[in-house]
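Could you walk me through this protein model, one step at a time? I am new to reading structures.

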Amino acid sequence: MKYYFIVNPDSGRMEKGRIEKNIRTACLKREISYEIMYTKKEGDAKALANRIPDKECVVFSVGGDGTLNDVLNGIMSSEHKVLGNIPTGSGNDFEKTLKKYSSGIVTIDVGRINHRFFVNVVCLGMDADVAENLKHVRHRKWIPVSQRYNASLVYTYFKYQFKKLKITMGETQVENECTILAIGNGQYYGGGFRIAPHALLDDGMFDIYFVEKMSKPKIIPILLKLLKAKHEDSPCVKRYSEKKIIVDSEEFCTFNVDGESMCSKHFEIELIPNALKVFNDRNFIEEII
């Protein structure tokens with residue numbers, strides 16, 4: 001089985017020469033045929049993955065969660081391709097959940113929001129705006145990579161505008177202004193916030209967290225609890241479990257989808273069970289990163 005590596009050279013912790021050398025060494029040691037491809041602009045990872053001719057192969061994303069999401073959407077039309085992840089981004093949140101699973105090939109659920117697939121977390125509200133504002137923070141070269149999320153968090157805290165939503169989850173409906181709405185297949189987002197500590201990649205359900213509008217000073221304790229995965233102790237945090245969620249808004253709003261942005265007034269989020277095989281040979285991954 002051939003291995004394809006789709007590399008985002010602009011990824012947060014990317015050292016192109018070292019990664020190339022490690023890929024070559026790891027594959028030659030195992031006598032595996034491989035090919036390395038590089039992205040040049042947004043959307044390239046999906047296009048490259050979609051054009052891979054082999055019906056059976058492993059397609060690795062070498063980058064952050066956004067690159068991984070692009071590669072995922074490029075291979076979902078083929079049921080025989082396996083997704084691999086070499087995490088070199090600044091957050092690498094999907095990896096934090098995946099490495100809890102046994103080494104080898106694992107079968108996981110996949111989410112779909114409108115037309116786009118995802119494997120980790122989609123969110124709307126302050127957390128999504130933090131991710132969206134990272135685009136501006138990245139241009140500030142004086143901010144260390146490890147502190148970009150925190151810088152965006154501070155910026156978003158002062159600028160945030162609450163979103164009025166109608167959320168439908170089975171027979172449950174919530175109509176309220178939103179501070180945080182997070183829908184997890186994986187457990188982590190935002191570079192290590194464990195928003196959905198009970199989420200499993202293969203249990204056939206989303207873990208859903210909703211925090212209604214509150215005064216901004218009251219948001220700070222919630223964020224501090226979230227840092228320690230203790231937010232479920234707060235009466236302000238509502239947790240749900242469901243396979244399908246519909247979110248409507250009178251105004252356009254932005255969902256963060258595994259690090260990528262999606263803007264609309266209507267979102268349908270659905271879980272597809274056992275939809276994807278994921279490469280999880282921990283020795284191989286560690287040899288490359």
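This is a predicted model: local features need pLDDT of at least 70, side-chain atom pairs count only at pLDDT 80 or more; totals for chains, interfaces and linings use all residues.

Colleague: What radius of gyration does the protein chain have?

Modeller: The radius is taken over C-alpha atoms, and the globule rule is 2.2 Å times the number of residues to the power 0.38. For 289 residues, a compact globule would come near 19 Å. The protein chain agrees with this, because its own value is 19 Å.

Colleague: Which residue in β13 is the bridge partner of Ile 108?

Modeller: Strands are DSSP runs of E with at least two residues, numbered from the N terminus, and two strands pair if DSSP finds at least two bridges between them. Strand β5 (residues 104–113) and strand β13 (residues 260–280) pair in the antiparallel sense over nine bridges. In β13, the partner of Ile 108 is Leu 276.

Colleague: Which residue in the turn between β12 and β13 has a positive phi?

Modeller: Strand β12 (residues 244–257) pairs with β13 in the antiparallel sense over ten bridges, and Thr 254 stands opposite Cys 263 in β13. The two strands form a hairpin with two residues between them. The turn residue with a positive phi, about 50°, is Asp 258.

Key:
Residues are numbered from 1 along each chain as its sequence is written. Side-chain values use heavy atoms; hydrogens and water are left out. Helices (H or I, at least four residues) and strands (E, at least two) are DSSP runs, numbered from the N terminus.
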